[in-house]
Amino acid sequence: MARFLEHKGLLLVDFHTCGATLNASSYWATLDRLHKAFRRKRPGLLSKGVLLLHDNAQQHTDLVTRYLKQPFRWNVLEHPLYSPDLAPSYFHLFGPLKKHLAGRHFRNDDEVQKAVVKWLRDLDPDFLYAGFDRLVYRWHKCFNNHGDYVAK
């Protein structure tokens, strides 16, 4: 699942087919859907400039993917190696999402996906602002530590 948030809310959730291989081509398709979501939901951000933060998974760092981001004219904030503390999904989203879904039973993947998307759409903007504030704090801490891993 790829999820893209900005301070005002959810831009795109892109669920991948179970068992599908994630590669530069599939990531490019996701970025294209994200670009279309920006045009629909927040067109002003495209002219102001987009700062994209993603982890350093192979499909995100592949040379082809880097090249293909150029048409969007987005700035990419490179994620330092071995720094999971800089991934907002891990330090800010997944814990509350796990708590929200705890104890619920779903009949199929579609029900899970709908519950996740609803939860993401219903997030309070203050929750998102807090996550971005925590990211900035953690990013500065990592930068001041010369890119080394920083535990909480």
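The chat below goes through the fold, the cores and a few individual residues of a predicted model.

Biologist: What does the secondary structure of the protein chain come to?

Modeller: This is a predicted model, and in it the protein chain has seven helices and four strands. Following the sequence, the elements come in the pattern β-β-α-α-β-α-α-β-α-α-α.

Biologist: And how much of the protein chain counts as buried?

Modeller: Of its 152 residues, 34% count as buried, while the accessible surface of the chain comes to about 9900 Å², with 55% of that belonging to carbon and sulfur atoms. As for contacts between residues at least 6 apart in sequence, 65% of them join residues at least 24 apart.

Biologist: Let's take the start of the chain. In which sense do β1 and β2 pair, parallel or antiparallel?

Modeller: The pairing of β1 with β2 is antiparallel and runs over five bridges, and the two strands form a hairpin with two residues between them. Ala2 has Asp14 of β2 as its bridge partner, and Glu6 stands opposite Gly9, also in β2.

Biologist: Which residues of β1 are on the covered face, and which on the uncovered one?

Modeller: Ala2, Phe4 and Glu6 make up the covered face of β1, whereas Arg3 and Leu5 make up the uncovered one. In β2, by comparison, six of the six residues are buried, which leaves that strand mostly covered.

Biologist: Where is Thr30 found, and what does it touch?

Modeller: Thr30 is found in helix α1, which spans residues 24–41. Setting aside residues up to four places away in sequence, Thr30 touches Ala2, Phe4, Leu12, Asp14 and His16. Its side chain also makes a polar contact of 2.6 Å with the side chain of Asp14, the residue that is the bridge partner of Ala2.

Biologist: Buried or exposed, that Thr30?

Modeller: Thr30 is buried, because its relative accessibility is 1% and the cut-off for buried is under 20%.

Biologist: OK, on to the nonpolar side. How many residues does the largest nonpolar core have?

Modeller: The largest nonpolar core has 14 residues, and those with the most contacts inside it are Phe4, Leu31, Leu34, Phe38, Leu52 and Trp74. At least two residues of this core come from each of β1 (2–6), β2 (9–14) and α1, with α1 giving the most, namely five residues.

Biologist: What does Leu34 touch?

Modeller: Not counting residues up to four places away in sequence, Leu34 touches Phe4, Leu11, Leu12, Leu52 and Trp74. Another core lies apart from the largest one; it has 12 residues, including Leu93, Leu101, Leu123 and Leu128.

Biologist: Changing topic: how many aromatic pairs does the count come to?

Modeller: The count comes to one aromatic pair. The rings are those of Trp119 and Phe127, with centres 6.4 Å apart and planes at 75°, so the pair is edge-to-face.

Biologist: Why does 75° make it edge-to-face?

Modeller: The pair of Trp119 and Phe127 is edge-to-face because its planes are at 75°, and that label applies to planes over 60 degrees apart. The centres, at 6.4 Å, also meet the condition of lying within 6.5 Å.

Biologist: Are the two residues of that pair buried or exposed?

Modeller: Trp119 counts as buried, at 11% relative accessibility, whereas Phe127 is partly exposed, with a relative accessible area of 23%.

Biologist: What is His92 in contact with?

Modeller: Leaving out neighbours within four places in sequence, His92 is in contact with Phe127, Ala130, Gly131 and Arg134. His92 is found in helix α5 and is buried, with a relative accessible area of 10%.

Biologist: Which polar atoms of Phe127 and Arg134 does His92 meet?

Modeller: With Phe127 it is the backbone oxygen, which lies 2.8 Å from a polar atom of the His92 side chain. With Arg134, a polar contact of 3.1 Å joins the two side chains. The C-alpha atoms of His92 and Arg134 are separated by 8.3 Å, although these residues are 42 residues apart along the chain.

Biologist: Last one: where does Ala87 lie?

Modeller: Ala87 lies in the loop between β4 (75–77) and α5 (88–101), and Ala87 is buried, with a relative accessible area of 10%. Ala87 and Leu53 are 34 residues apart in sequence, and their C-alpha atoms are 8.4 Å apart in space.

Notes:
Residues are numbered from 1 along each chain as its sequence is written. This is a predicted model: local features need pLDDT of at least 70, side-chain atom pairs count only at pLDDT 80 or more; totals for chains, interfaces and linings use all residues. Side-chain values use heavy atoms; hydrogens and water are left out. Rings of Phe, Tyr and Trp (its six-membered ring) pair if their centres lie within 6.5 Å; planes under 30 degrees apart count as stacked, over 60 as edge-to-face and the rest as tilted. Buried means under 20% relative accessible area, exposed over 50%, partly exposed in between (1.4 Å probe, protein chains only). A polar contact is a pair of N or O atoms within 3.5 Å; within protein, one must be able to donate a hydrogen and the other to accept it, and residues adjacent in sequence count only if both atoms are side-chain atoms. Contact means heavy atoms within 4.5 Å. A nonpolar core is a set of buried Ala, Val, Leu, Ile, Met, Phe, Trp, Tyr and Cys residues joined through side-chain atoms within 4.5 Å. Two strands pair if DSSP finds at least two bridges between them. Accessible areas come from the Shrake-Rupley method with a 1.4 Å probe; for residues, only the protein chains shown count as cover.
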